[in-house]
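Hi,

Here's the structure I promised to pass along.

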Amino acid sequence: ASGLLKDNKECQIPEDVNEVIIDVRQAVKTIEKRSKGLITFIDNYRQLTRIPKPDFKVVQVKDLIGRVEILMKDQFENNSIKFNKAVDPEGLSITADPVLIEQVLINLCKNSVEAVNGVSHPKIKLKAGTDGRGNPVVKVIDNGKGISEAVAERIFIPFFTTKPEGSGIGLSLSRQIIRLHKGTIGVTSTPNEKTVFKLRF
């Protein structure tokens, strides 16, 4: 075996061993980074495929929005965001899983917090009412950077993201949850003016 190594020029040990060590370290780091990325991808995929079956209850929308406000209060205050809420009629209710819908509204509010970053006088509003047919509608409205038409068409696609550190599952997860409630979720946006995410039940 030693003879084969001597005869094979490709197996000769390079003179600069330090370069080899650096190359190996970089390769190991690349493999480690890729492995972590794969694990993150798998975890995100599991979130999309393991949404629990909704535990439907009659939920007062006013109470639902109130809980979201409490959970998001620190983020709103830390980012100097003016938050408003409105429910009309005040006794508006939906048949839904409150935990899952809270998660959807929190996801949307977090997106809005990022969208208004750097905007003067940032505002976020949770507004609930009914459409022309009497169906409950909940809107998350912000005055942030907005979403282009091209991005809006793809925004609910799993793993699509415009954020450097984004997973691309928040909105697709939200859409799946709303679909489990036999509802719809959509977005309209005027860049640098207003973005509205609408949940219809």
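A quick definition before anything else: I call a residue buried when its relative accessible area is under 20%, using a 1.4 Å probe and protein chains only. By that cut-off, 33% of the 201 residues in the protein chain are buried. Keep in mind that this is a predicted model.

For the overall layout, the protein chain has six helices and seven strands, and from the N terminus on they run α-α-β-α-β-β-α-β-β-α-α-β-β. Among contacts in the protein chain with a separation of 6 or more, 71% are between residues 24 or more positions apart.

Which residues of H3 are buried? They are Val-61, Leu-64, Ile-65, Gly-66, Val-68, Met-72 and Phe-76. These buried residues pack against quite a list of elements: strands E1 (57-60), E2 (82-87), E3 (93-96), E4 (123-130) and E5 (136-142), plus helix H4 (98-115).

On the H3 side the residues involved are Leu-64, Arg-67, Val-68, Leu-71, Met-72, Gln-75 and Phe-76. They meet Pro-98, Ile-101, Glu-102, Leu-105, Ile-106, Cys-109, Lys-110 and Val-113 in H4.

Phe-76 turns up again in the largest nonpolar core, which has 39 residues. Together with Ile-101, Leu-105, Leu-108, Leu-126, Phe-197 and Leu-199, Phe-76 touches the most other members. At least two residues of this core come from each of H3, E3, H4, E4, E5, helix H6 (170-180), strand E6 (184-190) and strand E7 (194-200). H4 gives the largest share, with eight residues.

And what does Phe-76 touch, leaving aside residues up to four places away in sequence? Its partners are Ile-81, Phe-83, Cys-109, Val-113 and Ile-124. Two of those names, Cys-109 and Val-113, are also on the H4 list above.

Over to you!

Terms used:
Residues numbered from 1 in each chain as written. Predicted model: local features only at pLDDT ≥ 70, side-chain atom pairs only at ≥ 80, totals over all residues. Heavy atoms only, no water. Buried < 20%, exposed > 50% of the residue type's maximum accessible area, 1.4 Å probe, protein only. Helix = DSSP H or I, 4+ residues; strand = E, 2+ residues; numbered from the N terminus. Contact = heavy atoms within 4.5 Å. Core = buried A, V, L, I, M, F, W, Y, C linked by side-chain atoms within 4.5 Å.
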